[in-house]
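Please look through the model below before reading on. The paragraphs that follow lead from its core out to its chains, domains and loops.

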Amino acid sequence: MRIDFNHLQQWIGEGSRVLDLGCGDGTLLKYLRDSKQVNGYGLEIDPGQIEACIGLGVNVINQNLDRGLGNFADKSFDTVLMTQALQTMYFPHKVLDEMLRVGKECIITFPNFGHYKARFHLAFRGRMPVSDLLPYEWYNTPNIHFCTFKDFEVLCHEKHINVLNRQVVNERTSQFLGNLNPNLFGETAIYHLSK
Amino acid sequence: MTTPLPPESVGLVTPRTALLQQPLTLACGRTLDNYELVYETYGTLNAEGSNAVLICHALSGDHHAAGYHTESDRKPGWWNHYIGPGKAIDTNRFYVVSLNNLGGCSGSTGPSSIEPETGSPWGARFPTLRVRDWVHAQARLADHLGINQWAAVVGGSLGGMQAMRWALEYPNRIRHCIVIASALKLSAQNIAFNETARQAIMSDPNFFEGDYLAHDTYPKSGLAVARMIGHITYLSDHVMGEKFGRDLRSGSFEQGLNDLVEFQVESYLRYQGDTFSDKFDANTYILMTRALDYFDLAREYNDDPAEAFRRAQCGFYVASFSTDWRFPVERSREIVDALIAADKSVSYAEIDSPYGHDAFLLPNEHYEQTFRQYMARITTE
């Protein structure tokens, strides 16, 4: 179980209807189905991941998120989820708008580009950060729109989005420091939003 | 000298015929007192009768979906890539039933059968059929075979329409519905292709208003042109380019008009048209294309496909192919969106393939894997 899955499940109600954007191999939806009788769909574009979802018996829809969610009705899901995929979107702010239109609530997790390791990499080596947290080179990374926790807070403020809950989770570095100064020491953010 | 049949096939199969004697009232209001359906089965029905899978064929398909009829057969059944031991539709697990639909020309009662009252072929007097008539006839065949509920009803193209209709007409008799390269209804362009094909048949001087058998002839060239039109729409531009390009079969550009140039693609299409018109019945072609045109899943549900699908109780797997322009991916997305709006269990795969509409019949790893994974989750207990 990925660490962000463990934390976000506390904000998902029993038997709720969930849409998981970029659902990967379907692990999260399967876990939510088995533990909370959640039903719903995952959206995915990777052929191998789609096969894996079907193999787990998870409902998966082949759909490119950059094409929007125009085929889903307003507030037709209790929760719309997106874990570690916001930074791969062409237009993250539009995806966020769509999530808040389709879902009564949203949960988003993303990596913190303001993490001290990334800052050190850029500041002292003068190179784009490559680390165990962000293992790609600048030219082959699927992560095209990085933000820091602060950046995301500013976007939520500008869009009048309610932050219901926020949490920082650290897997590789100190959780204590992450809580003390999330924008510098936090690895992964989990935001619980509504509008 | 014959070569042994491939081990991964169901091997030799023999078609059987069911005589169904309970009168069937059709959507057009007419009644067939009795009719025959020819079918094949692969695998074994379990004691509970819960592992049966129905295969619904498309426009020009028939009951011969897998295996071989004789050891010297050049080709296996039309869906042999996906039906067999260890294949996506695994005949080690499932009891597979594949029939020739009512109105067909491969042994089931149809326009070329003898009309009991007159003792001559039905011809144009054969009742017009809708997709739902096929579904009802298939349900009678299920009764005949002792199958109360299908583990899955599976179909591509026109077959997918039958599978969807099953989900609405007999929600308690189907656990999974598999809809491949299909649509909720045909587009105007699609109907236009069908009408052009029908006109090719009807304008053949040997058509005789559909009563060609009574005149001891048949509209061979009309049916061949109809098939050529269809065939163009089943392939992608890309595949035609790859396969034939502008290569010549005979003649040369230099000699101009005196020596007619024949492109490879012309020769190919003529061959397809000729072989098809030798084995297929023109009235069946007209009847089946009309059933395609009239099909509109949601018409009686206020034209709301989500409302239609709310009746369904089964799980759905939907697939489409990137270069299919006869049943494009958008048509499958409409099916999926309606299923989501109706809060039904559905998975959808958009398969990358260069082969156009025909892709649903051809080997493709991702298609095979998603199909296999879905079938593997279907319980047979």
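Which residues have the most contacts inside the largest nonpolar core? They are Val53(B), Val153(B), Val154(B) and Cys177(B), in a core of 152 residues. A nonpolar core here is a set of buried Ala, Val, Leu, Ile, Met, Phe, Trp, Tyr and Cys residues joined through C-beta atoms within 7 Å, and a residue is buried if 20 or more other C-beta atoms lie within 10 Å of its own, exposed if 12 or fewer, and partly exposed in between, with C-beta atoms placed from the backbone. This core draws at least three residues from each of domain 1 (16-185 + 296-376) and domain 2 (191-289) of chain B, the domain bounds coming from an automatic or database domain assignment.

Before going further, a word on how to read the model: it is predicted, so that local features need pLDDT of at least 70 and side-chain atom pairs count only at pLDDT 80 or more, while totals for chains, interfaces and linings use all residues. Residues are numbered from 1 along each chain as its sequence is written, and chains are lettered from A and ligands numbered from 1 in the order in which they are written.

Leaving aside neighbours within four places in sequence, Val53(B) is in contact (C-beta atoms, placed from the backbone, within 7 Å) with Ile89(B), Phe94(B), Tyr95(B), Val96(B), Trp150(B), Ala151(B), Ala152(B) and Val154(B). One of these partners, Ala151(B), lies in the loop between helix H1 (131-145) and strand S9 (152-156) of chain B, where helices (H or I, at least four residues) and strands (E, at least two) are DSSP runs numbered from the N terminus. Ala151(B) counts as buried because it has 25 C-beta neighbours inside 10 Å. Not counting residues up to four places away in sequence, Ala151(B) touches, among others, Ser50(B), Phe94(B), His176(B) and Thr380(B). By contrast, 36 Å separates the C-alpha atoms of Ala151(B) and Ala197(B), which are 46 residues apart along the chain.

Chain B as a whole has 10 helices and 14 strands. Its radius of gyration, taken over C-alpha atoms, is 21 Å, close to the 21 Å that the globule rule gives for 381 residues, so chain B is as compact as a globular protein of that length; the rule is 2.2 Å times the number of residues to the power 0.38. The C-alpha atoms of chain B fill a box of roughly 70 × 55 × 50 Å along the principal axes, and 50% of the 381 residues count as buried. Of the contacts in chain B with a separation of 6 or more, 71% are between residues 24 or more positions apart.

The two domains of chain B have C-alpha centres that lie 26 Å apart. Where they meet, 23 residues of domain 1 are in contact with 18 residues of domain 2, and the side of domain 1 that touches domain 2 divides into 10 nonpolar, 11 polar and 2 charged residues. In this count Ala, Val, Leu, Ile, Met, Phe, Trp, Tyr, Cys and Pro are nonpolar, Asp, Glu, Lys and Arg are charged, and the others, Gly among them, are polar.

Asn302(B), in the loop between helix H7 (282-294) and helix H8 (305-309), has a positive phi of about 55° although it is not a glycine, and with 9 C-beta neighbours inside 10 Å it counts as exposed. Asp343(B), in the loop between H9 and S14 of chain B, has a positive phi near 60° and is partly exposed, with 14 other C-beta atoms within 10 Å.

Chain A has 8 helices and 7 strands, and its radius of gyration of 16 Å agrees with the value near 16 Å that a compact globule of 195 residues would have. Buried residues make up 39% of chain A. In helix H4 (residues 92-102) of chain A, the buried residues are Pro92(A), Val95(A), Leu96(A), Met99(A) and Val102(A). Seen down the axis of H4(A), these residues fall within an arc of 135°, so they line one face of the helix, the arc being that of the directions from the helix axis to the C-beta atoms. They pack against strand S1 (17-21), strand S4 (77-83) and strand S5 (103-111) of chain A.

Finally, the two chains meet where 17 residues of chain B are in contact with 13 residues of chain A.
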